[in-house]
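Subject: Structure handover

Hi,

Here is the structure we talked about. Please open it next to this email, and read the notes below with it on screen.

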Protein chains: 2
Amino acid sequence: MAPEPLAALGRRAKAAARILATATTGQKNDALEHAAEALIGASGAVLAANAEDVARAEAAGGTEANVDRLRLSEARLGQMAGGLRAVAALADPVGEVVEGWTLPNGLTVRRVRVPLGVVGIVYESRPNVTSDAVGLCVKSGNAALLRGSAGAIASNAAITGALRSGIAKAGLPADCVVLVEDTRRETVAEFVTLRGVIDCLVPRGGPALVALVVDHATVPYVIDGDGNCHVYVDADADLDVAERIVVNAKTQRPGVCNAMETLVVHRAIAPVVLPRLARALEGVELVGDEAARAILPGIGVATDDDFATEFLRLKLAIAVVDDLDGALEHIARYSTGHSEAIVTRDYEAARRFTREVDAAAVLVNASTRFVDGGELGLGAEIGISTQKLHARGPMGLRELTSVKFVIEGDGQVRS
Amino acid sequence: MAPEPLAALGRRAKAAARILATATTGQKNDALEHAAEALIGASGAVLAANAEDVARAEAAGGTEANVDRLRLSEARLGQMAGGLRAVAALADPVGEVVEGWTLPNGLTVRRVRVPLGVVGIVYESRPNVTSDAVGLCVKSGNAALLRGSAGAIASNAAITGALRSGIAKAGLPADCVVLVEDTRRETVAEFVTLRGVIDCLVPRGGPALVALVVDHATVPYVIDGDGNCHVYVDADADLDVAERIVVNAKTQRPGVCNAMETLVVHRAIAPVVLPRLARALEGVELVGDEAARAILPGIGVATDDDFATEFLRLKLAIAVVDDLDGALEHIARYSTGHSEAIVTRDYEAARRFTREVDAAAVLVNASTRFVDGGELGLGAEIGISTQKLHARGPMGLRELTSVKFVIEGDGQVRS
């Protein structure tokens with residue numbers, strides 16, 4: 001059977017979104033509870049489907065890490081169900097009156113938080129994204145139109161099948177979740193131009209996907225972009241704090257977007273701090289500029305490319321700067337606007353750094369690894385936005401909403 | 001002399017934006033006061049430049065309305081200067097702490113409002129947009145990169161020259177305002193792809209410009225789109241209120257986006273209200289569906305196209321619907337998501353309409369003409385967004401900002 005055309009799938013999601021938009025919090029929570037239950041209930045089928053995907057990935061010679069990201073287990077399914085229940089427990093952003101006032105002519109004005117409509121998500125391997133995204137979308141009143149990868153298609157189909165049946169059991173349309181099962185490459189290009197269907201696209205993938213979205217999307221989108229994050233160790237840094245933060249930001253989980261990629265050090269403190277940090281970072285490949293290499297002669301040369309690269313592994317570039325201005329210049333040049341940290345005891349340096357660095361998050365004497373929806377107390381997150389419009393930084397439920405003006409009167413007209 | 005390349009102009013605006021981002025409210029207000037003064041001081045040169053543009057438009061056979069939109073006078077310049085001073089008097093959105101909290105580990109988290117950076121504006125004839133846009137951009141800490149029309153180039157160059165000198169006099173970079181003087185059509189296409197330069201594009205023009213932006217822009221943008229606005233007269237409407245609102249929404253200023261384009265009437269009240277409204281709308285060209293024409297036999301046929309068209313003139317389409325659901329369906333089908341109104345005395349109808357209509361603004365017993373930044377008390381506006389991300393409805397100073405997370409600690413790391 002030919003796959004259902006993308007536009008038809010989109011219309012189904014759109015129709016469901018209109019109903020979901022006015023569902024009560026209780027109905028949505030019910031739907032998530034039932035979805036969690038259905039997911040557990042379908043664990044046999046989901047794991048069997050997942051085994052197919054895993055076998056296909058292994059046969060294709062996928063790396064162990066990739067296969068592992070794909071693999072589900074009873075425990076992982078339990079976490080996915082737990083995630084749905086945790087989102088059900090979060091406050092509903094829909095209906096919040098953001099602000100309101102009364103005009104001199106007696107009109108009352110409220111800005112009320114409303115769902116976006118259809119949230120489109122393009123994502124790669126990990127099938128747990130499927131249930132995470134559905135949880136956040138449904139709780140915020142949005143239908144989810146999902147385009148996962150070919151590699152996880154059997155898993156995603158089984159998971160969405162379970163979630164849909166749970167949602168339907170709660171009396172909401174199963175089409176609150178629609179999976180695009182046609183995973184040919186061309187469908188991504190078509191997906192990002194479903195204007196009038198997708199109200200917000202969240203691409204979750206690497207630079208190639210982001211570039212495709214930026215160049216070709218006609219639907220509104222929020223970019224979950226790269227994190228080329230810096231930690232700047234100021235002349236006046238507490239060395240214990242610097243060591244703790246640098247080690248944590250680089251090594252605690254090097255493969256994620258809020259990990260540090262470049263260490264920037266004030267010239268005055270470099271001879272003291274660099275040898276100490278190099279020892280603490282044992283096992284990390286270090287590359288540095290000329291000044292850094294004069295202090296750490298054993299390390300490689302950091303090219304311009306290194307400073308511009310999100311390594312996502314145990315590699316660190318080191319730049320030595322003359323002063324705070326030099327650090328600000330380096331960061332302005334190479335930052336992707338994700339998370340940038342300073343380690344200092346100097347009040348003025350902290351104040352300038354937080355004001356002048358242009359990023360989703362700026363940190364003083366804290367690890368960049370805290371820039372995460374869960375860590376910051378936002379509840380779950382659907383991604384970390386590196387753009388400035390709509391959402392910036394970790395995106396939670398509220399970032400999956402819009403607002404509308406509700407204006408009430410008793411016959412007022414404009415003169 | 002060859003015009004300066006667009007990318008170079010963009011870099012100048014970008015560099016200015018970095019300085020402007022940390023300017024105090026006092027400095028920005030000073031700059032606007034000086035800009036207003038400089039504009040008045042340069043009125044001779046500006047009016048001479050404008051006379052060139054007007055002569056060119058007349059020679060090219062421009063319509064009287066178009067020439068009039070282009071024409072400046074001492075009085076209009078006075079209004080433009082007054083507009084700059086009015087924006088100076090508005091509250092500065094930059095630095096506002098949107099929210100903040102302390103985490104269990106002692107980290108303090110604040111979300112602080114910050115400028116976007118460079119705001120790009122592509123606009124058509126009216127040269128007063130130049131100073132209006134500059135006022136809003138500078139007050140919100142953004143550099144303005146302006147691409148006006150060829151028809152107003154002499155006026156725009158003279159106006160921006162004056163504004164730049166005023167801003168420089170206040171000690172801020174003149175490049176807070178950069179005008180693209182190369183008005184060949186190709187520069188628009190290049191303008192909308194200045195990624196990394198333009199942080200937010202606001203296209204102010206007709207459907208062709210909006211389509212170009214949607215299809216080709218790689219920079220983030222906010223669409224100031226069409227307003228195909230409806231007024232729905234419910235079965236239970238107060239007829240005096242209905243007449244007042246319908247007449248106001250259609251005729252008070254028909255050429256603007258918040259004017260009514262389609263009247264939707266409940267079948268039960270149509271035989272009574274339509275003849276009365278038709279009399280009150282004397283001079284307005286009416287077209288209607290079959291049911292409307294049965295009551296008003298003299299009017300033309302409303303085609304599907306009519307229902308989908310923003311007439312922007314004294315023409316009105318009329319649809320008769322069976323009930324509130326029919327009205328909601330009609331609006332969902334044809335609305336551009338701008339402003340939609342209901343006239344009713346029925347509590348439940350008002351409640352459903354405000355919840356279920358998906359638009360930037362929904363109104364009960366009030367004219368759609370109120371959907372305007374000034375009328376709603378937001379101060380000046382740079383446009384009315386019909387998109388759902390970032391800004392929806394009238395866009396004031398706050399919509400020209402982003403937020404950043406400022407996270408302060410004393411050595412916290414993630415475990």
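Start at the strand pairing across the two chains. A:Ala366 stands opposite B:Gln412, which lies in strand E16 of chain B. One caution before going on: this is a predicted model.

That pair belongs to a cross-chain strand pairing. Strand E13 of chain A, residues 361-366, runs parallel to E16(B), and 5 bridges join them. In general, strands of a sheet pair through backbone hydrogen bonds, either parallel or antiparallel.

Now the interface as a whole. On chain B, 55 residues are in contact with 55 residues of chain A. Which elements give two or more residues to the chain B side? They are helices H9 (207-216), H10 (239-251) and H15 (347-356), plus strands E13 (361-366) and E16, of chain B. E16(B) gives the largest share, 11 residues. By class, the chain B side has 26 nonpolar, 15 polar and 14 charged residues.

Within chain B, strand E12 (residues 339-343) pairs with E13(B) in the parallel sense, over 4 bridges. There, B:Ser339 stands opposite B:Ala361 of E13(B).

Last, one residue in a loop. B:Leu397 sits between strand E15 (393-395) and strand E16 (401-412) of chain B. Is B:Leu397 buried or exposed? It is buried, because 26 other C-beta atoms lie within 10 Å, and the cut-off for buried is 20 or more. Leaving aside neighbours within four places in sequence, B:Leu397 is in contact with B:Leu90, B:Pro93, B:Leu136, B:Lys139, B:Ser140 and B:Gly379. B:Gly379 is 18 residues away along the chain, and its C-alpha atom is separated from that of B:Leu397 by 8.2 Å.

Best wishes

Conventions. Residues are numbered from 1 along each chain as its sequence is written. Chains are lettered from A and ligands numbered from 1 in the order in which they are written. This is a predicted model: local features need pLDDT of at least 70, side-chain atom pairs count only at pLDDT 80 or more; totals for chains, interfaces and linings use all residues. A residue is buried if 20 or more other C-beta atoms lie within 10 Å of its own, exposed if 12 or fewer, and partly exposed in between; C-beta atoms are placed from the backbone. Two residues are in contact if their C-beta atoms, placed from the backbone, lie within 7 Å. Ala, Val, Leu, Ile, Met, Phe, Trp, Tyr, Cys and Pro count as nonpolar, Asp, Glu, Lys and Arg as charged, and the others, Gly among them, as polar. Two strands pair if DSSP finds at least two bridges between them.
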